[in-house]
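Open your viewer and keep the selection panel at hand. We will go from stop to stop, and at each one you will hear what to select and what is there.

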Amino acid sequence: MIQLNRQSTLRQRGGTALRWLIYLAPALLLYTAFMAFPLFDSVRLSFFKSGSFLSKDFVGFDNYINALRFWSAFGNTWYFFFIHMVVQNILGILFAVLLMEKGLKGTGIYRTIIFIPATLAVLVTGYLWKLILNPQWGALAILLNKLGLTQFSLPWLGDARYALTTVSLVSAWQWVGMPTMMFLAGLQNISDDMYEAADIAGATKLQTFWYITLPLLRPVIGIVTILTFVGNFNAFDVVFAMENVNGAPLYSTDIMGTLFYRVGIAGQHPVSIPDPGMGAAIATTTFLILALGSALVLRLTSESTEKQARI
Amino acid sequence: MVATFQAMKDLVPYLPAGFEALTYNDSNALFATGKAAMYFDGSWTLGTFKDVPFQWGVFAPPPPKGKAPQICFHADAGIAMNTKTKYPKEASEFLAWIASKDGATIAAKYLPTGFYPMINAKITIADPHANEMLALNQGRGLDVRLAWPRLMEGEPSGYNLIMYGSIQVMKGIKTPQQAADDLAAGLAKWFKPTK
């Protein structure tokens with residue numbers, strides 16, 4: 001009886017697996033054809049001299065070595081990420097904590113205001129900020145000049161010293177709603193008992209935040225960090241909208257995304273031939289950085305959640 | 001090149017506030033709204049200012065002392081006959097016509113404002129500003145753009161070297177001499193001048 005039963009379950013299982021495969025096949029096929037294959041093919045392409053699509057000139061790591069002269073783009077991307085972590089994500093926590101504050105009126109309105117920029121297209125916000133920051137007729141320049149603060153009315157997007165910071169801040173402004181919402185969800189999961197206990201123990205607000213809120217938000221911080229990291233190392237649109245892809249001024253706003261586009265797809269302005277092999281090398285490098293970075297952050301945060309679970 | 005970079009540096013006091021962050025379209029708008037008195041550009045922008053409510057004209061920057069005046073042009077397109085064509089007679093007839101004064105005048109009529117057929121005969125164009133600009137060629141030497149196209153074929157491109165040199169000089173990051181040295185050093189990496 002037992003033997004029979006097992007056989008029938010096995011047969012049943014086999015049947016189900018086959019049925020699953022049929023359901024999975026279209027997605028698997030599409031994914032392989034349009035995601036997995038191009039990904040691996042781009043890795044292959046990065047070892048070949050560019051030319052025809054079926055280029056056979058194997059050049060080893062030459063493309064990677066040549067791409068090293070754009071080292072500054074790598075550093076700029078880290079800086080771009082750093083500004084987002086400091087401004088966007090710390091503001092995100094701050095906003096989330098403020099929105100959770102009991103007795104705050106109109107939280108819905110604040111939440112909407114904080115989130116609205118994230119619903120707009122990057123090309124739109126980038127262009128709007130470009131207009132606002134225009135030194136001749138931009139709103140900021142007019143306002144500063146009216147207030148007599150002419151020394152602060154600077155060509156924000158035209159000076160290599162602050163162009164990248166300006167672009168990063170615009171991007172942080174646009175996306176601050178994302179971490180805010182995630183932190184808000186994280187905060188809502190923290191039990192009120194904890195705060196009550198802290199209150200009874202006589203903890204100050206700062207202590208409560210530091211010893212209760214922040215440690216319990218760690219998994220969310222991890223996810224937000226990964227999302228910011230992935231988003232920033234893939235970033236292209238905000239720089240494209242505000243400074244175009246030549247890293248103007250003086251390559252100061254050149255990040256991995258714009259570098260890849262310029263080298264691999266568009267070619268350097270005004271006339272140059274794109275180099276798909278080198279573009280693929282840059283894309284592969286970005287992919288490796290992203291894979292390593294995400295794995296690292298994920299590992300760190302999952303460890304911390306495990307530890308918490310054990311406690 | 002040192003003198004060229006110096007000339008760029010000398011322009012800085014006359015540029016609008018925040019010029020570092022102004023785009024090509026911004027400078028067009030500054031001139032069209034009367035906020036800029038003078039404006040450097042090529043003939044291709046002439047059509048942009050067709051409807052401005054003030055009178056304006058074009059002039060050529062004076063040459064450095066003791067040098068002959070030069071106008072530089074950019075060859076956008078050329079026309080030639082394929083040696084394997086089935087209709088060599090017709091094609092050469094057409095080419096002869098398009099290079100004649102009559103053909104070039106008709107071509108000029110249908111080209112966008114500020115684009116000219118470059119032939120030796122003197123032709124007249126309906127748009128007064130376009131005509132004025134073309135007339136500047138009379139009595140001046142003609143040459144192609146400095147960086148176009150030979151200096152752009154290698155890495156680092158002469159176009160970028162000149163552009164970044166100009167920015168650095170105008171921002172006071174480098175002296176004209178340093179910028180000229182950078183240009184020479186950059187081009188020396190790949191450019192072999194033909195004699």
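Start by selecting A:Tyr251, which sits in the loop between α12 and α13 of chain A. Helices here are DSSP runs of H or I with at least four residues, strands are runs of E with at least two, and both are numbered from the N terminus. Before going on, note that this is a predicted model, in which local features need pLDDT of at least 70, side-chain atom pairs count only at pLDDT 80 or more, and totals for chains, interfaces and linings use all residues. Residues are numbered from 1 along each chain as its sequence is written, while chains are lettered from A and ligands numbered from 1 in the order in which they are written.

**Stop 1**

Is A:Tyr251 buried or exposed, or something in between? It counts as partly exposed, because it has 17 C-beta neighbours inside 10 Å. The cut-offs are 20 or more other C-beta atoms within 10 Å for buried, 12 or fewer for exposed, and partly exposed in between, with C-beta atoms placed from the backbone.

Now select A:Leu250, in the loop between α12 and α13 of chain A. A:Leu250 has a positive phi near 55 degrees and is a residue other than glycine. With 19 other C-beta atoms within 10 Å, A:Leu250 is partly exposed.

Next, click on A:Pro249, in the loop between α12 (237-243) and α13 (256-266). Look at the peptide bond leading from A:Ala248 to A:Pro249: it is cis, with omega near -15 degrees.

**Stop 2: two packed helices**

Select residues 107-119 and 177-188 of chain A to show helices α4 and α8, which pack at an angle of about 130 degrees with their axes 8 Å apart. Axes are lines fitted to C-alpha atoms, for helices over the stretch in contact, and angles run from 0 to 180 degrees between N-to-C directions. α4(A) and α8(A) are therefore oblique to each other; angles under 35 degrees count as roughly parallel, over 145 as roughly antiparallel, 65 to 115 as roughly perpendicular and the rest as oblique.

Which residues make the contact? From α4(A) come A:Ile114, A:Phe115, A:Pro117 and A:Ala118, and from α8(A) come A:Gly177, A:Met178, A:Thr180 and A:Met181. Two residues are in contact if their C-beta atoms, placed from the backbone, lie within 7 Å.

**Stop 3**

Move to A:Lys49, in the loop between α1 (2-45) and α2 (62-67) of chain A. A:Lys49 counts as partly exposed, with 15 C-beta neighbours inside 10 Å.

**Stop 4: over to chain B**

Show both chains, and you can look for the 15 residues of chain A that are in contact with 14 residues of chain B. The predictor gives the complex an ipTM of 0.80 and a pTM of 0.84.

Chain B averages a pLDDT of 88, pLDDT being the predictor's confidence in each residue, from 0 to 100. Buried residues make up 15% of its 195 residues.

Finish at B:Trp56, in the loop between α2 (24-32) and β1 (70-73) of chain B. B:Trp56 has 14 C-beta neighbours inside 10 Å and counts as partly exposed. Select B:Ala37 too: it is 19 residues from B:Trp56 in sequence, and the C-alpha to C-alpha distance is 9.6 Å.
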